Amino acid sequence: MFFPTAENTSLTKNDALEILDLQGDALNNLIEEAYRLRTKYKGNRVNIQLLTNVRSGNCTQNCAYCAQSRDSEAPIEKYRYVEDKKLYGDNDLVDEFHLSRHCIGLSGIRFADSDIESLAERIRKMKKNGTQICCSIGFLTEHQAKMLKEAGLNRINHNLNSSRRFYPSICTTHTYQERIDNLRMLKRIGFEICSGGIIGMGESKEDVVDMMFELKELNPESVPINFLLPVNGTRLAERDISALTPEYCIKVLCLARLMLPKSDIRCAAGREVYFKGYEKTLFKIADSIFASGYLTEGGQSLEATFRTIEEAGFTWQVESA
Ligand code: SF4
């Protein structure tokens with residue numbers, strides 16, 4: 001079967017929808033095509049990111065999936081700034097093991113300049129050894145974005161999360177267009193962009209496809225695909241996730257690889273749940289993961305992650321390390 005990709009000819013929305021329905025031999029062929037693109041552009045390495053929640057909880061926004069939202073009753077730890085010991089300790093781990101990147105997340109949607117200056121100060125310290133840093137943060141003013149750029153921040157994460165049509169079902173305190181505008185501004189001033197979505201929030205396959213087309217338009221360096229972990233105390237706590245079979249999750253990642261073959265395709269939250277026992281296939285498609293957990297949810301330890309990657313026949317080491 002011939003798969004149109006961003007490499008050869010344009011994939012249409014109908015092609016993309018068909019991909020999400022493939023089965024049997026056709027699905028195996030899809031995985032092999034994704035593997036060919038993964039190897040061509042990303043080699044055999046699985047990039048590991050470590051995530052530190054720098055500011056936790058007390059957000060003014062109502063994102064349905066998020067334990068840190070204003071509507072969430074999830075019993076999470078809430079703090080304004082993580083202890084320096086934890087932040088710099090995580091950064092040292094990234095350096096020590098030559099991991100790909102230190103990702104830092106801050107809850108909230110808008111920030112005072114003084115907050116951004118405190119963050120910039122911490123980034124300057126963490127950049128001393130040249131660590132690659134990505135920051136997941138709400139909407140920045142152009143002035144604030146430039147402050148972080150000057151501090152050495154490499155990349156900013158701001159997910160689209162779903163399609164434009166479905167977005168009001170998961171969040172009403174800001175708009176999809178604000179997200180797009182924010183990403184365009186960040187791109188214009190020279191940031192690498194990390195933007196992806198969450199699968200399993202009740203969206204249709206058309207929504208998944210539409211989100212992928214929006215992402216293709218933005219052409220981010222990194223595309224994190226999260227598979228919903230329903231968190232107790234959030235609006236999606238009881239969400240039916242039975243559609244998130246390993247096969248379906250694999251097809252979503254293949255679609256991302258076909259549409260954005262040169263981007264980092266990251267299997268983010270949900271990896272340990274939905275891909276358990278399917279790691280060999282997973283790494284044929286995705287070249288990027290998190291270790292040691294997510295913002296408010298636990299995950300696989302660093303050492304266990306190394307083992308999982310090696311047992312699947314891939315490497316996590318930097319070639320020159
Ligand atoms: S996803 Fe971000 S903006 Fe939305 S509620 Fe959570 S911390 Fe706030």
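I began with burial: 58% of the 321 residues in the chain are buried (under 20% relative accessible area, with exposed over 50% and partly exposed in between; 1.4 Å probe, protein chains only). This is a predicted model, in which local features need pLDDT of at least 70, side-chain atom pairs count only at pLDDT 80 or more, and totals for chains, interfaces and linings use all residues. Residues are numbered from 1 along each chain as its sequence is written, and side-chain values use heavy atoms, with hydrogens and water left out.

Overall form. I read the span of the C-alpha trace along its principal axes as about 55 × 45 × 40 Å.

Secondary structure. I counted 12 helices and nine strands (DSSP runs numbered from the N terminus: H or I of at least four residues, E of at least two).

Ligand. I listed Cys59, Gln61, Cys63, Tyr65, Cys66, Ser69, Ser107 and Gly108 around the ligand (a heavy atom within 4 Å).

Ala269. I placed Ala269 in the loop between β8 (264–267) and α10 (271–274). Ala269 counts as buried because its relative accessibility is 14%. From Ala269 to Pro224 I noted 8.7 Å, C-alpha to C-alpha, across 45 residues in sequence.
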